[in-house]
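Colleague: Before I set up any calculations, I would like to go through some local features of this model with you. Could you show it to me?

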Amino acid sequence: MNRLVTLWLCIWVACCPLAFGETLDLRELIREVEIQYRGHSSHALVHMEVATENWQRSLEMESWSLERDRFLTRILEPPKERGVSTLKVDDEVWNYLPKVDRVIKIPPSMMGGSWMGSHITNDDLVKGSQIDRDYTFALAEETNSIWRIECLPRPEAAVVWGKLVYEIEKTTRLPLRVDYYDEDMVRVREIVFDEVQTVSGRKLPLRMTVLPLDKPAERTIMRYRDLEFDLPLPPDFFSLRFLKAR
Amino acid sequence: MLVSLAFRNLWRNSRRTLLTLSAMVVSSSLLILALGVFSGMFADMLASATEQYYGHLVISARGYQDDRDMFADFSDYAALAGNLRKRPEVRGVSPRLRAFGLVAHADSTYPAELLGVQPAQEQQVTSFSRQLVAGRYLDETETAGALIGAGLAKKLGVQPGDELVFLTQAADGSIGNDLLTVTGIFETGSGNRDNALVLVNLPWLQKLTVLPDRIHELAITILEPMRAGELAAPLQTNLPAGLEVLTWGQLLPEMQEVIASYNVSRLILVAILYAATGLGILNTIFMSVMERTREFGILMAMGMKPRSVQNLVLLETLAMGVVSMTLGVAAGLAMTLYMERVGVDLSPYLSAVTYAGGTILPRLSAAFEADNVTIPAFALLLVSLAAGYFPARRAARLQPIEAIREE
C-alpha cells in the first residue's frame, strides 16, 4: 500500500513539469500584458473612437510612457480639444486644459470617472500598472492555444473589480481578451485585443476594444500606430511644468 | 333667567371661578403657542428642503429626477414657464440646467454639482440670495459668475473674486472646461448643498455643456406649499408629452412623512393636554355643585324642573368655556404672532440639524396655521361641556327633600 502511494507520488512529481511546461510565472505573464504598449519607455499615436448611446466621436492622441508609473497623453484632434493632456505619475492623474491654461488634479473620489469621455476610467490608467501588486493569480484553464488566468484582488488592495480573467495566447504570450467582474462576480466589461502586428521588433495587438456589457451599444476602440520603444525620455518629461509648457 | 342665574352663580365664588378660568386660559393659549412653534419648525424644515433647492413643484423629463441623466433635457420651456407665471397660485418659476463635474482652484479639486439658473427667476424659487455669507448674489451680466456653497468654498480655499476651473463632459462627449469667478458664497446649513453646489448663469452652462437652449427642469414655488398636490394634477394634463410634474412630497418622501406624522402627534398633544385640563374643570364644577346641593333642592322644591337645573350647571361651564376660549385664543394668537415676528435665537446653544432632507435651524419661531387655533378652541369647548355634564346630571337627579336636609 505504502509503496503504491510512493509510486504514485513519484509519477505525479515526474509529470508535473510536463503538464505545466516550463514553470509558468503567471504574475510575470500578466505584467507583460499590462505593459505591452510601454516597454521601458514608449511613444505612440493613438486613435480613439468612442461610441455611446448619445454621441460618437473620435480622438487623435499622442502618448508617451516611461517605465510603469509615468504616462502622458495629449489630444491632437479634434481642434476644439487640441492640447488637452493627461499626466499620470505614480498614483496620481492630472489633466491639463489649454483653453483655460490650468492643471486639474483628479481627486480620489473621481478616479472611477471616465477618462476623456471613453469607457476607460482614470483608475484603469493608475491601477493597470499595479496589477501584479494588487492581485493574486491562478491558472483557471489551459488549452493547446491559450492560458486563462484568473486574478483575484488581494484583501488589502483598493481595487474596484471583483475578478479579472485574462485569456492569453500561448505562442505569442499576447492577450486575446480580458473580462472584468464586479464585486458581485457579474461580468461587466470586456476588453478584446486583435490586429496583431510586428512593431519595432515586437508582436503587438494594435487594436483594443473596450465593451461595457451593461450598455451593448457602447464601445471604445483604441488603435495604436507608429509605436516606438525604449526612447531616451527623461523623468522630467512627465512633470506638471512640462505639461503646461507644451 | 337661567343665563343670569348662571352668571351670578359663577360670580358668587369668584376666586374659584377665576382660578379655573385661568387654568383653562393658560392651557389653551400655551397649547396654541406650542402648536405654532411646532408648525414654525416644520415650516422652516419644509422651506429649507424646498426653498433651498427643489422648489415646491418640479417639471422635468419623465424619470430625470431618479438618475439625473444629462440627456433627459427639454427645450421650448419659455412658453410653459410664462403660462405658469400667470397662475395666481404660483410665486416663481425657474428654468435650470444641471451638470456634474470637477471644480478646481489652485491645487484642490472637488466634485461638484453646477446648477445653471437665471438669477432673477431663481431668486423667486430658492433662498440662496438671502443666505449669503460673503460677496454678492449671481448677476446675469457677469456671465461667468459663480455662487458657491460655504463648505465647498472652504475646501477649495476661495473667496469672492477668486477663480474656479470647472471640468465636465459635455453632451457631445467633448471635454467641457472653463473659468468661473466666485461672486458670492452661500450657507444654507444643509451639508449636501453647502459642500457640493455651485450656482452659475444658465447661458454659460448651456454653452459649456453644449446643450443650447435646453434645460433639465422648471422649479416652481407656490403660495401654499401644502397644496402642491392639488396643483400638480391639473398641471400634469397640460404638459407636453414626456414631461412630468413632481411635488415636493414626491421628491422628498421623508419630509412628507415627517409632516404627516406631525399632524397626528399634534392631535395627540391636544388630547393629552385637554384630558388634564378637563379633569381640572370637572373637579371645580363638581365641588361647586356639591356645595350647592341644598340650594338646588330649594330651587326644585320651588318648582324648577330637573332639566333646568341640569341646563343651569351646563350653562355655567359653557360660559367659562366661552370666556376662556376667547381669552386663550387671543393670548395664544398674540404669543404666536410675537414668536413669528421676533422668535428666539438658539444659535449660541445649537447648530443646524439636517433631517429628512430639511434643515432645522437653531431658532424658535412660530408659524400661524388656522388648525392650530381652531382645534384647541373647539376642543376646549367640548372638554368644558363634557366636564360639566356629570355634575349637571348629578344636580338634576337630586331629590328635593333629601337635598334640603343635607348639611
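This is a predicted model: local features need pLDDT of at least 70, side-chain atom pairs count only at pLDDT 80 or more; totals for chains, interfaces and linings use all residues.

Colleague: How many of the eleven residues of strand 1 of chain A are buried?

Modeller: Strand 1 of chain A covers residues 41-51, and a residue is taken as buried when its relative accessible area is under 20%. By that cut-off the strand is mostly covered, and the number of its eleven residues that are buried is nine.

Colleague: In which sense do strand 1 and strand 2 of chain A pair, and which residue is the bridge partner of A:His47?

Modeller: Strand 2 of chain A spans residues 56-66, and it pairs with strand 1 of chain A over eleven bridges, in the antiparallel sense. The two strands form a hairpin, with four residues between them. Within strand 2 of chain A, the bridge partner of A:His47 is A:Glu60.

Colleague: Which residue of strand 13 of chain A is the bridge partner of A:Ala51?

Modeller: Strand 1 of chain A also pairs with strand 13 of chain A, residues 219-229, in the antiparallel sense and over nine bridges. In strand 13 of chain A, the bridge partner of A:Ala51 is A:Arg219.

Colleague: Where is A:Pro78 placed, and what is omega for the cis peptide bond that joins A:Glu77 and A:Pro78?

Modeller: A:Pro78 lies in the loop of chain A between strand 3, residues 70-77, and strand 4, residues 85-89. The peptide bond joining A:Glu77 to A:Pro78 is cis, and its omega is about -5°.

Colleague: Is A:Asp90 buried or partly exposed, and what is its phi?

Modeller: A:Asp90 sits in the loop between strand 4 and strand 5 (92-97) of chain A. Because its relative accessibility is 41%, A:Asp90 counts as partly exposed. Its phi is positive although the residue is not glycine, with a value near 55°.

Colleague: Where is B:Asp213 placed, and does it count as buried or exposed?

Modeller: B:Asp213 is found in the loop of chain B between helix 8 (202-208) and strand 9 (217-222). This residue, too, has a positive phi while being other than glycine, in this case near 60°. Since its relative accessibility is 56%, and the cut-off is over 50%, B:Asp213 counts as exposed.

Colleague: How far apart in space are B:Gly82 and B:Ala170?

Modeller: B:Gly82 belongs to helix 4 of chain B, residues 78-86, and at 25% relative accessibility it counts as partly exposed. In sequence, B:Gly82 and B:Ala170 are 88 residues apart, while in space the separation, C-alpha to C-alpha, is 28 Å.

Terms used: Residues are numbered from 1 along each chain as its sequence is written. Chains are lettered from A and ligands numbered from 1 in the order in which they are written. Side-chain values use heavy atoms; hydrogens and water are left out. Buried means under 20% relative accessible area, exposed over 50%, partly exposed in between (1.4 Å probe, protein chains only). Two strands pair if DSSP finds at least two bridges between them.
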